[in-house]
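Please consult the sequence and the structure shown here.

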Amino acid sequence: MARKEQLSSDLKTTRPRRVLLAGGAGFLGSHLAERLVREGHEVICVDNLQTGRLPNLAPLMREPRFSFHRHDIGQPLSVDGPLDEIWNLACAASPPQYQRDPLHTFRTCIQGSLNLLELAREKGARILQASTSEVYGDPEVTLQAESYRGSVNTWGPRACYDEGKRAAETLFFEYERMGVEVRVVRIFNTYGPRMSPEDGRVVSSFVCQALAGEPLTIHGDGSQTRSFCYVDDLVEGLARLMASDAKGPVNIGNPGEFTVRELADMVLEMTGSDSPVVHRPMPQDDPRQRRPDISRARDELGWAPTVPLAEGLARTIAHFREALAEGKRQEAR
Ligand code: NAD
């Protein structure tokens, strides 16, 4: 059987697992939680609700196979009974949010990872770390492969996150050498329904500004590029990586490259908004360019993104339209 077919049939036939999902109330975590529960697994979700929101988990709260526990992974945690897997998605992901309390962000990356790795060692569980393309910093190469070691500022305002995630990778691979089964995914810019409207990430900011008739804020001249991966594609990549034998970090992202200005124009056209575009200074250490080399994910996981930007944007816009309308309905009550 070809590798890709083998993997997808393995994914369909796996026995029900008992998993701990840290950061499950957040944007990516809530989509992953839904998928795991839908596949028949028991999901124990821990989250300190720093950036996550319980309404993200509303569809799961009545599921007997799902439980939520408010907990900060910087504090030790214990779980009764066996655990097959641990997914570590806990960490604020957008710059304004992770910069609000940089020491907490750093502690989440390091002490939080250590606590989960110890739990994985105790339970014999496989553990996946949500790392990030930020480990490449402001890259000097146009396509970032896992072998690229990055260009990261150790003392700038983004360092609490970038260096925290780099140090977390070090911890994960040290535990691998100690016999723990680890998987490390380097996630590139992902977007979709349930992004927080306030978190300052470019897709949610543009969509919310356009729908509210407010100016779209572009930092710099808008010629910096980004690659945007739709959340369903990302979750599929995470599931394949967890089920695979892949060693070392694996990039998951969409290599399609767009300038920030192009994204703004698409959002304006698709929302029918006549909002103007305003320019603001570039934040310090903002990368000029980001584009994943996904050869490893293609070869070893049989994974590639399937949702084009226009389609993913349409679904995201529909989500934010509905959220806005719901907000107005609640205000009127
Ligand atoms: P998010 O902010 O929506 O979710 C993070 C979740 O972790 C939130 O629910 C938050 O409350 C929780 N959390 C934060 N610190 C915690 C702590 N100390 N203890 C317990 N819970 C804590 O972000 P997201 O976009 O869903 O990102 C999820 C993971 O993926 C993060 O680790 C992030 O670094 C990584 N990632 C995301 C992207 C992206 O484009 N979304 C890109 C690269 C990496």
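## A pair within one helix

Glu163 and Arg166 lie 3 residues apart in helix H5 (residues 159-177), and are therefore separated by about one helical turn. They form a salt bridge whose closest N and O atoms are 3.9 Å apart; the term denotes a side-chain nitrogen of Lys or Arg within 4 Å of a carboxyl oxygen of Asp or Glu. Glu163 is buried at 19% relative accessibility, whereas Arg166 is partly exposed at 28% (buried means under 20% relative accessible area, exposed over 50%, partly exposed in between, with a 1.4 Å probe and protein chains only).

## Basis of the report

The model is predicted: local features need pLDDT of at least 70 and side-chain atom pairs pLDDT 80 or more, while totals for chains, interfaces and linings use all residues. Residues are numbered from 1 along each chain as its sequence is written, and side-chain values use heavy atoms, without hydrogens and water.

## Pairs between elements

The count of salt bridges comes to 22. One of them joins Arg186 to Glu169, with closest N and O atoms 2.7 Å apart. Arg186 lies in strand E6 (residues 182-187) and Glu169 in helix H5, so this pair ties together parts 17 residues apart in sequence. Arg186 is buried, with a relative accessible area of 8%, and Glu169 is buried at 8%.

Glu181 and Lys247 form another salt bridge (4.0 Å, N to O). Glu181 is in the loop between H5 and E6, and Lys247, 66 residues apart from it, is in the loop between helix H7 (231-243) and strand E11 (249-252). Salt bridges with shared partners join Arg126, Glu176, Glu181, Arg183 and Lys247 into one network.

Terms used. Helix = DSSP H or I, 4+ residues; strand = E, 2+ residues; numbered from the N terminus.
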